[in-house]
Amino acid sequence: MTSPTAPLAAYAAHDDRTRGRRYPEPSPGYRSDYQRDRDRIVHSTAFRRLVYKTQVFVNHEGDLYRTRLTHSVEVAQIARTIARAMRLTETLAEAICLAHDLGHTPFGHAGQDALNDCMRDYGGFEHNLQSLRVVQELEERYAEFPGLNLTFEVREGILKHCSLKNAAQLGELGERFLKRGQPSLEAQLANVADEIAYNNHDLDDGLRAGLLSLEELVQVTIFRRHYDAVLDRYPGLAGRRLIHEVVRRMINEVVTDLIDTTSAAIAAAAPRDIEAVRSLPAMLVGFGATVAAEHLELKQFLRKNLYRHYRVLRMTTKAHKVVQSLFAAFMEKPELMPPEHWVHARKLQGDEGDAGRARAVADYIAGMTDRFAILEYDRLFDPSERT
């Protein structure tokens, strides 16, 4: 086990070697640059909004289901464990995880798909690009610059994937997509930590909601193995304690495999520094073949049995209607938006035409929480609702 005080690996993203910020600032006095980034993210308006944004279940469906906020915190916890074990920069991994969903729409992936459909003729919508837009342009907290002015390394980690067309417009952030390079190891592990968290925690929420059953889940290899092991050791265990024990063990297994497999890959590649990591033809962070296959099996099970469950699909249909109706109304009459957003739309339309106006409308809708989007929909389309 790596000591908490073990020195960072040579190929980690060392704080004193950051590529810096878009707008130069003096170094923080009592924090590292990545700590400053993490703190700016936590204090941002977009981060607070995540508490009322859907993971799988809309917030008003229950108090105990994951939201985008609790999901982001859980991803960060998993990433910190991996980073520390591998002598990577824990605070950078944490900052990336806390920021990775800042641009997500209300209503989870259903909202993103609906907004992307609306934006199809105006450049499309993708929540990773929107998260980058939030931290670079849309947050309004500082007198000297727009956005949060985060370091290159955090912004690099937020941008998990990107089309070549979009990459060409992103300057140095887009270079790795054009040159087929890789991000830092901290960014790579944040991406996989996200997958670990949502697979296992969506399973937990699905069971809590009654949309999944133990009878179905025991057909999934990784779940069945740990379910049998828990019952073998604790024959009388049942209910939530049983489920939590199984999920806890599943997460521990895949995290352990990830650390072991990635450590071996790093040893084989022997990168001398972070730039050597970035120049490799493939990512180094990943699972072993057996765990990768089992994790994919779990992901496919959730897609079939949870994300396409009729109760989830009903909410998905509602989400599409709300997002598409709001977009159409605000595109036709941007002045229906609050003044600051109407001014934003007028400015972008002056700069970019209809595509600019559409982007401003998408900025407004993407920033909404689930309940605010529903309230705006009612204000616009329910005659009995006060405006």
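R180 sits in the loop between α9 (175-178) and α10 (185-209). This structure is a predicted model.

**Positive phi angles**
- Most residues other than glycine have a negative phi.
- R180 has a phi near 60°, a positive value in a residue that is not glycine.
- R180 counts as exposed, because its relative accessibility is 60% and the cut-off is over 50%.
- N149 also has a positive phi, near 55°, and is a residue other than glycine.
- N149 lies in the loop between α6 and α7 (152-158).
- N149 has a relative accessible area of 4%, so it is buried, as buried means under 20%.

**A helix pair**
- Two packed helices are described by the angle between their axes and the distance between the axes.
- The axes of α6 (residues 127-138) and α18 (residues 354-366) come within 12 Å and cross at roughly 100°.
- The two helices are therefore roughly perpendicular, since that label covers 65 to 115 degrees.
- On the α6 side, Q130, R133 and L138 make the contact.
- On the α18 side, the contact residues are R359, D363 and A366.

**A nonpolar patch**
- L336, L380 and F381 form a nonpolar surface patch of about 240 Å².
- L380 belongs to helix α19.
- L380 is partly exposed, at 31% relative accessible area.

**After α19**
- P383 is in the segment that follows α19 (370-381).
- P383 has 81% relative accessibility, so it counts as exposed.
- P383 and Y307 are 76 residues apart along the chain, and 33 Å separates their C-alpha atoms.

Notes: Residues are numbered from 1 along each chain as its sequence is written. This is a predicted model: local features need pLDDT of at least 70, side-chain atom pairs count only at pLDDT 80 or more; totals for chains, interfaces and linings use all residues. Side-chain values use heavy atoms; hydrogens and water are left out. Helices (H or I, at least four residues) and strands (E, at least two) are DSSP runs, numbered from the N terminus. Buried means under 20% relative accessible area, exposed over 50%, partly exposed in between (1.4 Å probe, protein chains only). Patches are made of residues with over 30% relative accessible area and no salt bridge: like charges are joined within 9 Å, nonpolar side chains (Val, Leu, Ile, Met, Phe, Trp, Tyr) within 5 Å. Accessible areas come from the Shrake-Rupley method with a 1.4 Å probe; for residues, only the protein chains shown count as cover. A salt bridge is a side-chain nitrogen of Lys or Arg within 4 Å of a carboxyl oxygen of Asp or Glu. Axes are lines fitted to C-alpha atoms, for helices over the stretch in contact, and angles run from 0 to 180 degrees between N-to-C directions. Angles under 35 degrees count as roughly parallel, over 145 as roughly antiparallel, 65 to 115 as roughly perpendicular and the rest as oblique. Contact means heavy atoms within 4.5 Å.
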